[in-house]
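This report concerns the aromatic side chains of a protein structure. Please keep the sequence and the model at hand while reading.

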There are 4 protein chains.
Amino acid sequence: MTSENSYDDERIGRARVNDSPELLAYYEELAKHEAGALWTVANEIEPWYPQPKSVPVLWRYADLRPLVRKALPLVKADDAGRRVVMLVNPGRRELSAAVGLLYTGLQIMGPGEAMTAHRHQASALRFVHEGAGAWTVVDGQKLKVGPRDFAITPNNTWHEHGNEAEDHPVIWQDGLDIPLVNTLDANFYEVHPELYQRPGPVTNSSLLSYGGNLLPYGAEKWTRPYSPLLGWPWEPSYHALCQLARATEGSPYDGVIMEYTNPVTGGPVMPTMAAHLQLLRPGQATRAHRHTGSVVYTAAKGRGVSVIAGQRFEWQQGDIFVVPSWAWHEHANLDQGEDACLFSFNDFPVMHSLGLYREEPYPDHDGHQPTTNP
Amino acid sequence: MTSENSYDDERIGRARVNDSPELLAYYEELAKHEAGALWTVANEIEPWYPQPKSVPVLWRYADLRPLVRKALPLVKADDAGRRVVMLVNPGRRELSAAVGLLYTGLQIMGPGEAMTAHRHQASALRFVHEGAGAWTVVDGQKLKVGPRDFAITPNNTWHEHGNEAEDHPVIWQDGLDIPLVNTLDANFYEVHPELYQRPGPVTNSSLLSYGGNLLPYGAEKWTRPYSPLLGWPWEPSYHALCQLARATEGSPYDGVIMEYTNPVTGGPVMPTMAAHLQLLRPGQATRAHRHTGSVVYTAAKGRGVSVIAGQRFEWQQGDIFVVPSWAWHEHANLDQGEDACLFSFNDFPVMHSLGLYREEPYPDHDGHQPTTNP
Amino acid sequence: MTSENSYDDERIGRARVNDSPELLAYYEELAKHEAGALWTVANEIEPWYPQPKSVPVLWRYADLRPLVRKALPLVKADDAGRRVVMLVNPGRRELSAAVGLLYTGLQIMGPGEAMTAHRHQASALRFVHEGAGAWTVVDGQKLKVGPRDFAITPNNTWHEHGNEAEDHPVIWQDGLDIPLVNTLDANFYEVHPELYQRPGPVTNSSLLSYGGNLLPYGAEKWTRPYSPLLGWPWEPSYHALCQLARATEGSPYDGVIMEYTNPVTGGPVMPTMAAHLQLLRPGQATRAHRHTGSVVYTAAKGRGVSVIAGQRFEWQQGDIFVVPSWAWHEHANLDQGEDACLFSFNDFPVMHSLGLYREEPYPDHDGHQPTTNP
Amino acid sequence: MTSENSYDDERIGRARVNDSPELLAYYEELAKHEAGALWTVANEIEPWYPQPKSVPVLWRYADLRPLVRKALPLVKADDAGRRVVMLVNPGRRELSAAVGLLYTGLQIMGPGEAMTAHRHQASALRFVHEGAGAWTVVDGQKLKVGPRDFAITPNNTWHEHGNEAEDHPVIWQDGLDIPLVNTLDANFYEVHPELYQRPGPVTNSSLLSYGGNLLPYGAEKWTRPYSPLLGWPWEPSYHALCQLARATEGSPYDGVIMEYTNPVTGGPVMPTMAAHLQLLRPGQATRAHRHTGSVVYTAAKGRGVSVIAGQRFEWQQGDIFVVPSWAWHEHANLDQGEDACLFSFNDFPVMHSLGLYREEPYPDHDGHQPTTNP
């Protein structure tokens, strides 16, 4: 591996051109032709390693919840489109991103509310924070979701949501790849021509069809680039994680970790975003590693601490935090008696599809970073 | 579609050469050079449609069970290798095949018995008929199986079996592709150098790891050509089928049908054999169709009748029957109150991999064959 | 690797049951129920390693050519369907196979002859031995082929052939997977409803479209399981081989060897058969190895000797010989000044698709087999 | 398709919230928590269709060439890293991109110059504008390139370049995905520890090995995510295009168009960038279409005009122009006697891998856009 002191821009192999009157005149001439000299920006655009503008951030649910609830009387759902408080990374404000090219926000739906239907090229996912009664209709399939359930709205599927509870709001977390798709100049948006879909007769049909260890046979082959299974309820997901914990030690960096999976491919649920659920055993502290790709974490159970790029972030259920690309990170369960779980979503499928995924373990101090805020 | 009367070997485009003294002399000369005239066999080796030597057969469990139990005192497991009564198609005796290039048999293991370990290039699967207490160790993983559970022993994995019950035998059905692999001149066999494997500490670890709708993440990628999930217990499999029955009408030819699936690919459990479980609703009678590929069926629940190439075969739980390639077949549940289930395995993955799969619906009489034995 | 002396059927782990009056009675009882005792055939159907019935054979073109030419006046093409002398392995006569489940034969077409069109589920390939003027129409595309050109007629494509030379016959070699497809009970045959196809306006269009290092873009994606490129003329194929010989040492077992390739997948030209072209440098003698899968070789250039299962077979251009599955084989160029080339086709795609491919080097005598016929 | 007048942000289904003192106070409170209200940006970040900041630009080679040659005496290659005039889209200056997330520039190497070796996560390609004598060493393989040859330097391969001509410089065009990889926070850069690679003994070995219609067999399987063939010389590429022109009408939007292809997959040469070569017949004018994905075109032969988003851009050999994502574009050959060719590279593989590719034909005026600059 490259040693730290090799990151020297004065060495041969890097751009080392000093300005001169002659050169400055040349640069002006180039600019007139919509051109420039590569060596003036080469070291910046060819960095030694990723230089994300995103920074690690943790949002406490205890802080966000009152703000989100405040939005309920403030704006009508129909006027807002979606009533969402989005979480904005200080380094990514121009993209409305929480980290890297990922967007996240907390959406609130009042009792009995129902949104209109739309679709967009961006892909979306949901993780429910609180409230029974939420539903979503995705390409005509109605799906009910409860606390800590995970669900997806793949790219370009019609979708609309609502809350059929009579007396309490639902708050769920949205995750989207909007910044990615916008940066790639590939986003589209349509309002449903009839404003609302007509759902099919069977609720939760994707769970009924794809929720087991056998797949429907003989039907038309599923060829879309995303999962036909649209929801992963909390109970069986947590159960699967506990079962795996009986069979394996787990990863030194992540504890016992599983991926929500497209059952017809064994791959990620959507082509741009993957989602994971991981379990830290009581008292477990993982080792640090780093990888390309950005991650949004939500504490799903218990309490713990994550050290990201040397900063400590304590979390408990409902808290959301982000790890920028190539930042060292490690997690610990602060409870000695109960396990702790983190839900997360990321852009790893992009990294893998484009040949950009890299990973390395933290080499020093038995795998633990020194921290700056004790 | 080709009409029946086009199957005429006298028409142009077929070999129509009559013997003559000159030709017979020529054929003899060819034979001396390990050669022959194509036109003497062309119509036979290029048939209008598949001409399987296999015939439809049904074996009643009520007949087989006493025969299988008789083997228990007759031969020692160690001497037999495996104590199995194999089912032999009258048209495939030279290959010991039940149908096509598929082998099946009923294996009995007495209380406390344990077989030695071996491996072979042929792939194997199991479907348990009766008795709790059976176990198998596959490449060091111990798996327990009970009645109507399905399990696999993929090609070239070490495996050994036993029965840990104290007071009753276990009878399970083996399914193997031995005739296929032998015909392809590709079978290998090894006895385990230590006769027995040392199983890992966790029983049923593949179920614990791969039995949910999430997959283990971060471990070494599974790249073998078969499923890392080795067992599909009856209860969740039947439950999955009942769930699907709530979401879908099912297939007109097969009722509600699912495939036991490799969770990391969404494909068949092994590269040469697939397995299915299907449910016929009370009183349901499916339409007939035919396809390339051979199938071994086992009645897993209830009672019914299948019409195969115009012959009626009544079945109840435990009975085994076969459908040769390209034979018309349809199924009916004879009970008006309970559903009926068929487990089956087949060589469809071979058909698909080699570009040989074809299927067509029975065109007449509303999809039902006239039968010869009413 | 398993040592030779471990192939002992008396050891534990093999079937070792002796007949007894009681057992013989039991076997009779089983036979009445279309059943049998596995242990009576287990050692035979689960061999230690492949036991092909095929044997190594070499057919001299000098012997075959007069026999093939004799067929020209003896039978009319229209009556024969195809006028072909097929090469029949002494161990595979019942399947009309040259080796394993592969068929080969020499087809002769007189000046001006044109065959009728048909199609079959079996796949076919051609390697031209002599005569300019041959053509084939495959699914409406006309392709011209000359000496040592390779061409394919993938499964279920309409095809018809002819010879537009005015004064000499064409002899080409057919290779088909008929024995495989018949054994799998999956063959179909149809005569073209109009007896002849109407070829499109552009001859050799697949060569024009797919014969370079760029692929047509923007057209409908090619999704059939075989190559859209249908022909590989000798000159560029031999040129490619000579170029590779400049860049690489080649394989110790095969010299410089290339595969005729489906340009849209990089894989074999058809799902059941692959074809190769290999070059032995002047005087080169390769080491022996063996693998599952059967091979038909045709000497395309020069002269040499192949040792197969310990037997020497000398060959020169036009000769055809076969290597059964798992037989040791090695090749040598007997000329000290010119390179020698072998064209071959095989069933390796079947072995790979079904997870059955194995290969091992000959361990003794510097990789060379002792021979029995010096 | 959605009609133009449906792009109305006042309709239900879009965010339509007006500011109020109460809301403004709420937004300030959110900002304190690194949060925001989605509805304040929703219509902007969920546009009706892609809103690229890039604009169409054409750079005349006649303008650029003197500027590029001027750099030769101005900066030493060793100091510049690479002596490149980059082409910068007025809408993408902050990313040094020519269009979308693609970078391009003209690199000049003086007689006898040799650059040092480095590698980066970004992928690179070259298209030579003028000068014989250029070479590149990619992961130890030396490749020589001449005018209009295309070559690649896949992600993370070591590479260094030079010009072995004695008396003239070489100018080639670089294409890289640097803006993409930086935006994804995934770029890495290393200087070669020995500054220069030691090339293997065979020049052009990838062309020798992979330049035909057969692939090397028996070697270790190529599993990297890019093409093992590294160069596509002009002559055979143009020949392939002319051959295809004999077999096909071509695309209504692109004329006769081919893709430079990875021979082991039939797919694009690298996971993030594809390259094409297209031919416009004498006088041919294509119809307009648009698609997601950005394209950099270089006129490789002849002269013509492209209409992009309603603007006319005339070009001749050496000129470079860009088409932003979702911009209408059409091409015409202005010569009535000679064909015209466009080389291009793009980010279509990104669009396809991430499920973001869309395309549509221009619906009006027989497929031709009205132009604003006649």
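How many aromatic pairs does the count come to over all chains? In this predicted model, the count is 72 aromatic pairs over all chains. One of these pairs is formed by A:Phe348 and A:Tyr357, and its geometry is edge-to-face, with 5.7 Å from centre to centre and 65 degrees between the planes. A:Phe348 is buried, since its relative accessible area is 8%, and buried means under 20%.

A pair in chain C is formed by C:Tyr7 and C:Trp48. The ring centres of C:Tyr7 and C:Trp48 lie 5.7 Å apart with the planes at 35 degrees, so this pair is tilted. The pair links distant parts of the chain, 41 residues apart: C:Tyr7 belongs to the segment before α1 (21-32) of chain C, and C:Trp48 to the loop between α2 (42-45) and β2 (57-59) of chain C. C:Tyr7 counts as partly exposed, at 25% relative accessibility, whereas C:Trp48 is buried, with a relative accessible area of 9%.

In chain A, aromatic residues also form a cluster, made up of A:Phe127, A:Phe150, A:Trp232, A:Tyr260 and A:Phe343.

| Charged residue | Ring | Distance to ring centre |
|---|---|---|
| A:Arg358 | D:Phe188 | 3.8 Å |
| B:Arg358 | C:Phe188 | 3.8 Å |

A:Arg358 lies over the face of D:Phe188, and the charged end of B:Arg358 sits over the ring of C:Phe188.

Terms used:
Residues are numbered from 1 along each chain as its sequence is written. Chains are lettered from A and ligands numbered from 1 in the order in which they are written. This is a predicted model: local features need pLDDT of at least 70, side-chain atom pairs count only at pLDDT 80 or more; totals for chains, interfaces and linings use all residues. Side-chain values use heavy atoms; hydrogens and water are left out. Rings of Phe, Tyr and Trp (its six-membered ring) pair if their centres lie within 6.5 Å; planes under 30 degrees apart count as stacked, over 60 as edge-to-face and the rest as tilted. Buried means under 20% relative accessible area, exposed over 50%, partly exposed in between (1.4 Å probe, protein chains only). Helices (H or I, at least four residues) and strands (E, at least two) are DSSP runs, numbered from the N terminus. A charge sits over a ring if NZ of Lys or CZ of Arg is within 6 Å of the ring centre and within 35 degrees of the ring normal.
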